[in-house]
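Please walk me through this structure.

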Amino acid sequence: MTHGLTEITVVGDDDTGLIAEVTSLLFERGINIEDLDQAVREGVFRMTMHVDTGDMVTTETKLREDLTELGDELGVDVQVRFPADRETQSIAVLVTKESHCLEALFEAWANGDLGADIEVVIGNHDDLEPLARKYDVPFHDIGDEKGTPDEEKLLELLAEYDADLIALARYMRILSPDVVFRYESRIINVHPSLLPAFPGASAYMQAIEEGVRIAGVTAHYVTTDLDQGPIITQRAFNVPDDATEEELQELGQPLEAEALIEAIKLHLNDDVTVHRGRTKLRDPEETDVQLGAPAALDEENPDRPIDGLGEFVAGDDSEPEAEADD
């Protein structure tokens with residue numbers, strides 16, 4: 001969420017006139033629109049606005065009521081998030097069966113290192129309910145016997161707990177546009193590859209099959225394009241000869257947890273911004289984080305040769321390059 005601005009999200013069936021109706025309501029109440037972004041995916045319309053409500057001629061309660069009423073008239077869902085006034089932000093964690101990321105999140109929270117509260121854990125299986133119970137955090141199973149999640153129930157829970165951030169701690173289901181559009185730029189996933197390489201399922205096996213020497217993990221913002229959201233943090237490791245998928249998991253899972261937690265901290269502290277699909281640190285000199293490989297790696301890399309810096313380089317009187325025969 002953009003610092004100091006109110007976020008308004010409109011989600012529903014694509015129809016003409018939606019933008020004009022909402023922006024007109026805001027204009028009438030003295031609200032200035034700082035940023036507006038819209039998209040349509042699979043017939044679902046999404047508009048996200050960041051607006052300045054500092055000088056508006058209404059109250060927060062009345063604005064929320066007016067936008068909700070307009071949304072009902074237009075057949076769309078309108079969410080309003082005013083700049084947070086609570087000291088501690090909240091996280092909703094989505095899980096399936098793998099425990100390592102959730103366990104690391106709980107440990108960071110218990111140690112006071114997370115900088116936010118884990119309010120709820122939501123799973124499409126109930127395997128990790130005992131872990132949530134250990135930390136006295138509510139757990140909700142929204143999956144059927146095959147693990148297919150009930151996204152209507154998911155949206156109800158996310159609204160109930162009013163989380164500032166949704167963390168996908170190895171949640172093995174694709175979120176629909178209905179969910180992603182409502183929480184744009186507030187969902188972080190960790191994927192077991194150096195994206196954009198090996199998106200989708202079985203990423204470690206894909207790395208083995210392609211014979212890579214270096215594999216890794218990526219924490220990124222979730223968009224409606226699978227594993228293509230802006231990358232926040234990455235970690236890498238060497239792939240041993242004849243490694244099995246299980247061996248790569250053992251190497252990668254601790255890094256998955258590390259990258260996810262680092263990305264969550266950056267987001268919650270508003271240390272990272274996204275411009276044209278690429279994340280950047282707002283104040284690189286003030287933030288001691290590891291977005292990619294350790295700085296020590298730069299010291300190991302050779303700094304020569306580089307084009308044009310050798311002792312002998314081609315001059316203006318050099319022979320032209322020969323053209324290849326047809």
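**Helices and sheet**

The model is predicted, with local features needing pLDDT of at least 70 and side-chain atom pairs pLDDT 80 or more, while totals for chains, interfaces and linings use all residues. Residues are numbered from 1 along each chain as its sequence is written, and side-chain values use heavy atoms, leaving out hydrogens and water.

Axes here are lines fitted to C-alpha atoms, for helices over the stretch in contact, and angles run from 0 to 180 degrees between N-to-C directions. Helices (H or I, at least four residues) and strands (E, at least two) are DSSP runs numbered from the N terminus. In the contact (heavy atoms within 4.5 Å), helix 3 supplies H100, C101, A104, L105 and A108, and helix 8 supplies Q253, E256, A257, L260, I261 and I264. Eight of these residues are nonpolar, two polar and one charged.

Seven strands form an open, mixed sheet in the order 7-6-5-8-9-10-11. Strand 7 (139–141) and strand 11 (231–238) are at the edges with a single partner strand each, so one side of each has no neighbour in the sheet. From one strand to the next, the twist averages 20°. Strand 5 (residues 89–95) and strand 8 (residues 165–168) pair in the parallel sense over four bridges, where pairing requires at least two DSSP bridges. V93 has A167 of strand 8 as its bridge partner.

Both helices described above also pack on this sheet. Helix 3 touches strand 5, strand 6 (116–123) and strand 9, and its direction makes about 155° with that of strand 6. Helix 8 touches strand 5, strand 6, strand 8, strand 9, strand 10 (214–221) and strand 11, making about 155° with the direction of strand 11.

R186 lies in the loop between helix 6 (177–180) and strand 9 (187–191). Is R186 buried or exposed? Its relative accessibility is 3%, so R186 counts as buried, the cut-off being under 20% relative accessible area with a 1.4 Å probe and protein chains only. Beyond its neighbours within four places in sequence, R186 is in contact with E7, Q79, R81, A163, D164, L165, I166 and H267.

Notes:
Ala, Val, Leu, Ile, Met, Phe, Trp, Tyr, Cys and Pro count as nonpolar, Asp, Glu, Lys and Arg as charged, and the others, Gly among them, as polar. Buried means under 20% relative accessible area, exposed over 50%, partly exposed in between (1.4 Å probe, protein chains only).
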